[in-house]
Amino acid sequence: MTLSRRAVLAGTGALVLAFSLAPARAQTETGKGEGPRKRGLPGSLDDTPRLDAWIRVAPDGAVTVRTGKAELGQGLKTALLQIAAEELKLPLPRLSLVTADTGRTADEGYTAASHSVQDSGTAIRHAAAQVRALLIGEAARRLGVPAERLRAEDGAVLGPGGARIGYGDLVTDALLTAEAQPASSLTPAAEYAVLGRPVPRIDIPAKVTGGAAYIQDLRPPGMLHARVLRPPSYGAILIEVDATAVERLPSVVKVVRDGTFLGVVAEGEWTAIQAMRRLAASARWREIASLPDAAALPDALRALPSRDSTILERGATGGAGTVVEGTFTRPYLAHGSIGPSCAIAEWQDGGVTVWSHSQGVFPLRRALAGLLHLPDDKVRCIHAEGAGCYGQNGADDAAADAALLARAVPGRPVRVQWMREQEHAWEPFGPGMVASVRAAVTPDGRVADWTHEVWSPSHMMRPGPPGALLAAREIAEPFPPAPPVALAQPEGGGDRNAIPLYAFPNARVVHHFLPEMPLRGSSMRSLGGYLNVMAIESTVDDLARAVGWDPVAFRLRHLTDARAGAVVAAAARRFGWGRGPARAGRGFAFARYKNLEAYCAVAVEITLDRETGRVAIERVVAAVDTGEVVNPDGVANQIEGGILQAASWTQLERVAFDRTRVTSVDWSAYPILRFSAVPRSVEVHIVAQPDQPFLGVAEAAQGPAGAALANAIRDATGHRLRDLPLTAGRIKAALGA
C-alpha cells in the first residue's frame, strides 16, 4: 500500500555539567527502579494492585478505565480501550478513559521506552478480566446459580431462563476495592471481538478537523497569557533589565523576576509577546564560550571523562579473518515538535494544579513540589496532549515556568507558551554519540570476532529532581543540577541495543558513560538504540559484502532466535529481496528493540541523483513481530511513523551550535523531512503472535529503518558513510572522492 496519512500525523549555569557519577538506584526510562517484583502481579498491577485504581463501574453501568500512561500520539487511548472492552465484554462507546493525572490515576512513571501497552495494557487487561469475574460472582450469589452457568455480554451478566443483571446493578462500593490476583481468566484469542482488529483512533478526528485536541487549545475561564525570557545561551548571566516600561503596558498584569528567571503575565497573548520582546531588548547578558567545536564533537565526546563498563564478554575476541571496522557518529538531535511547549497552571489555596504534556506527571509533580517548596499533595499534575516529542522536550520546563508565574498571580490560570526559538535552543536534545565497531569474518561467512564500543552521555535527565528543570537552575536560589542516570542493562541508555542479537561466538561490548554533557540532553525516541543498530547493521552488511554473501542470508545464518529469523524472512519475501535489479540501491537491516521488545526488519530501495547527492526513497517494506496485536492499524502507524522519523534523522537532522550558543533555532537551520521527500511506498507486514505477551512497538523501527537506508546508500554509492546525517552534500563529496 502507499504511505497512509496516519504516519504523517503520528508522529542553568554553564551546561558543561560536571554531574555526580553515582545515581541513587538503577532505573529504566519508565521511571521505575529495577528489582524483584513486589507481588508477582502482571504489568503495572504489581505497583498498584487495587482493581478500582484501573476500572470503575458507575451505577448506570458506564465504565471508566484509568491509566497512568499518557497519549503522545501513539494511539494509546484506543489500544487501552480495546483491551478493556475485550475483557469486560462491552462495546467501545460504553467505555471512557482517564489518562495520567496525579489526582486520579496510578503512578506508572514515564510514558516511555515502548512500555505503555506492555505495562499499562497488561495491567488493564488483567484488572478488567478480574472485574468481570467479580461481577459474574456477584450475579451468581444473587441468582443462586453456579458462576460457570453465567456469562458476561454487552455490559450485563446473563444466566439461565433469560436472567440478566447489568453491571451497574451488580457493583457495590466495596466490590471493586479488591486487590488483583496473579492469575486471570483471560479471553482466548479464538473468541476475540475487539482485540486484534483495526479500530479508528479516537484522538484523530479533533486533530484533523481543528478541534480542541492539544494543550495549546485549552482556554479555561479567566486565563492569563504569559511568556518567559530565556537566556541567550547556556550559563549566561543577566546583568540588567529594564522592566519599568513593560510593567506600564496596557493589559500587563505582572513582570516576574527571580534571579535569571524572567517572565511576564498579561491579559492577552499578543501583549505577553510584545512585553517579552521589550524585556529582551533591554536585557544585557554576560555569556560564556563553554561549548565545544561542533566540527570536532565526536573527538570532544571521546575526550570527556568516562565511567566504563563491559556489558558483554563472550568467548575470546581477536579471531582471524577479513576485518571490517569503522567509527559511527550521531550529532545532537532536536525533538522538532511542530507545536512548541506549553503549560497551564493555577494557584489556589496554597497549592497549584498544572496541565502539561509531560511524559511523566508523577515525576513532574515531585520536581515541582521541590521547586515550589510544597508537599507533594499540594501539587496536582494533569496530562494534556501536546505535539509529538518522542522523549523529553520542553514540556516539563514549560510546566515549571507556568507554576512559578501562577504563584505570582494566584486565583487565575496562567498559560505559558514557548516561542519557536526557545523550543529549538533550550529543549533537552537527544545526545550526541560515538560508536566504534571492529569485526572479522572467515571465508565461509562466519563472524569470528566482534568488538563494539559506544561513548554516550546520559539519556535520562528527566524530572524527579527539581534541578532537571530550567527554571530551577535560573532562580536566585538555584537547585543543583540533577545527577546523570546511567540506565541499566538489559534496557540500557546510550548502550541500548549495543549487544547484538546475532549469535557471534566471540564478542565484547563496552559502554563509555559520559557524565559531563557539552549540551543539555535527555531522552529521545529509541535512546542509543538508533546509533547502535546503525553501527551493527552497517557492519554486518559490510561483513557479508566482504565474503560475497547475500546480506539477508548472512543475517539468517547468525540468528538463533526463531522469531527474529521469521521477521527477517518475512521482510525479505514481501520486498522481493534478490529478485530483479535495484533502481539504484537496496538496503536491509534488522533489530529487536532493546533485545526485549518488538522485532523489526526493514528493506529499502532508493534512487540517487549522482550530480547532487540527493536520495529519493522509492520503497520501504517492514515486517514486525510485536507479540499479541491489540490494533493492527496502530502497529502499522507506529512502524510507518518510525520509518519517516528515521529517514529524517538519517538524512537531515543535526543541532548546530558555535562555542557560545545553539544556532539551529528555526526550521531553516534545523531541517526535517518534508512531504516531498516522503517515501513513495511504505508497506508494513505484521507477523502475528496470538496469545503471546504484548511487546512494545513504538520505537522498534527507528534503528532498522535508519540502518537499511544507510545500507541502501552504501549499495548505490559504493561508499560507507558513517557520520550522521548522511546529507546530500556528504554523499556528493563521497562520490567525488
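**Stop one: the cores.** Start by selecting Leu-368, Trp-450 and Ile-639: of the 150 residues in the largest nonpolar core, these three touch the most other members. Keep in mind as you look around that this is a predicted model. Next, highlight helix 13, residues 529–546, which supplies the largest share of this core, 9 residues. Now switch to Val-63, Ala-79, Leu-95 and Tyr-167, which are among the 45 residues of a second, separate core.

**Stop two: a pair of helices.** Select helix 16 (residues 632–651) together with helix 17 (residues 702–717). How do their axes cross? They come within 8 Å and cross at roughly 50°, which makes helix 16 oblique to helix 17. Turn the view and you can follow helix 16 as it passes helix 17 in a right-handed crossing.

To see the contact itself, show the side chains. On helix 16, pick Gly-642, Ile-643, Gln-645, Ala-646, Ala-647, Trp-649, Thr-650 and Gln-651; on helix 17, pick Gln-702, Ala-705, Gly-706 and Leu-709.

**Stop three: a loop.** Finally, select Pro-483, which sits in the loop between helix 12 (470–474) and strand 21 (507–514). Its relative accessibility is 34%, so Pro-483 counts as partly exposed.

Key: Residues numbered from 1 in each chain as written. Predicted model: local features only at pLDDT ≥ 70, side-chain atom pairs only at ≥ 80, totals over all residues. Heavy atoms only, no water. Axes fitted to C-alpha atoms, helices over the stretch in contact; angles between N-to-C directions. Helix = DSSP H or I, 4+ residues; strand = E, 2+ residues; numbered from the N terminus. Parallel < 35°, antiparallel > 145°, perpendicular 65-115°, else oblique. Left-handed = near helix turned anticlockwise from the far one by under 90°. Contact = heavy atoms within 4.5 Å. Core = buried A, V, L, I, M, F, W, Y, C linked by side-chain atoms within 4.5 Å. Buried < 20%, exposed > 50% of the residue type's maximum accessible area, 1.4 Å probe, protein only.
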